[in-house]
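Me: I'm new to this one and would like to learn how to read it. Could you walk me through a few features?

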Amino acid sequence: MTYCLGIITKYGLVMAADSRTNAGVDYVSTYQKLFDFSQPGERVILLCTAGNLSVTQGAIAQMHRDIRIPEEANLHTLPTLYDVARYVGAKIRQIQEQDRVWLKQDGIDVQCTLLLGGQIQGQPPELYMIYSQGNCIHATSETPFMQVGETKYGKPILDRILDFNTTLEAAAKCALLSIDSTMKSNISVGPPINLVVYEKDSFKVQHDLRLRLGAPYLTKIRQQWETSLREAFERMPDIDWERDTGGNVEEFLDP
């Protein structure tokens, strides 16, 4: 399992991913899940991967090869980010079809999901989720973040904090707290954590950070977040057991 996160605001993009993958409790490894295919000054292309590792690594390898050869259609030539999303989906399907029969014989799941974020000259920044079937959806100003992998533990803070007007600095901090909350509750998600921040219309990545196990900043935010949550909880009013404030069951069931 892994956890990847993309955030889009009016100021740009934040992409983050952990690096843990496992095939059981006794086999845990570290693999990069966030990839930068940008052309500084021309386009920013960022990909996060979750799901079957052999499928996603195979697709990433083919995308690198298409740029190197170069193929007519590749991450550096496609005219829109939507076209890039469809191209990435096609690469995923291609690898799945090549290996599906053999993987299916051993009951191995070939599903995977990717996040694509970036900007191409003359167009606004965009954020897409690409499904295993190759189709995709994009984030909007009403829903400014997307998650793949182990999503449930890190979602509450995103729901409460983020909106389209959130600054990139705040979005980056929120992303790390979301990942840390997931690591706290699920051992299948873990460091190193990769974090990328892209400012709208700059056409270059502003910050590319890799936080390893024991990184002082990760330790600091975990301690402060836990302390802040505990203090906020203690300030919550006690339950008024003597006063009926919500009606009774019969009231809600009465037709």
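Reply: Let's start with a pair of helices: α1 and α2 are oblique to each other, a word for angles that are not under 35 degrees (roughly parallel), over 145 (roughly antiparallel) or 65 to 115 (roughly perpendicular). Keep in mind that this is a predicted model, where local features need pLDDT of at least 70 and side-chain atom pairs count only at pLDDT 80 or more, while totals for chains, interfaces and linings use all residues. Residues are numbered from 1 along each chain as its sequence is written, and side-chain values use heavy atoms, without hydrogens and water.

Me: How do I read a helix pair, and at what angle do α1 and α2 cross?

Reply: Two packed helices are described by the angle and the distance between their axes. Here the axes of α1 (residues 53-68) and α2 (residues 81-105) cross at roughly 125° and come within 9 Å. Axes are lines fitted to C-alpha atoms, for helices over the stretch in contact, with angles from 0 to 180 degrees between N-to-C directions. Helices themselves are DSSP runs (H or I, at least four residues), numbered from the N terminus.

Me: Which residues make the contact?

Reply: Contact means heavy atoms within 4.5 Å. On α1 the list includes V55, A59, M63, R65 and D66, and on α2 it includes Y87, V88, K91, I92 and I95. The residues of this contact divide into seven nonpolar, six polar and three charged; Ala, Val, Leu, Ile, Met, Phe, Trp, Tyr, Cys and Pro count as nonpolar, Asp, Glu, Lys and Arg as charged, and the others, Gly among them, as polar.

Me: How many salt bridges does a search of the whole structure find?

Reply: A salt bridge is a side-chain nitrogen of Lys or Arg within 4 Å of a carboxyl oxygen of Asp or Glu. The search finds six. In one of them, K91 pairs with D66, with the closest N and O atoms 2.8 Å apart. That pair links distant parts of the chain, 25 residues apart, with K91 in α2 and D66 in α1.

Me: Are K91 and D66 buried or exposed?

Reply: Both are buried, meaning under 20% relative accessible area, with exposed over 50% and partly exposed in between (1.4 Å probe, protein chains only). D66 also meets R65 in a salt bridge (3.3 Å, N to O), and R65 counts as partly exposed at 31% relative accessibility.

Me: What about D159 and K155?

Reply: Both lie in helix α3 (residues 155-161), four residues apart, about one turn of the helix.

How values were computed
Helix = DSSP H or I, 4+ residues; strand = E, 2+ residues; numbered from the N terminus.
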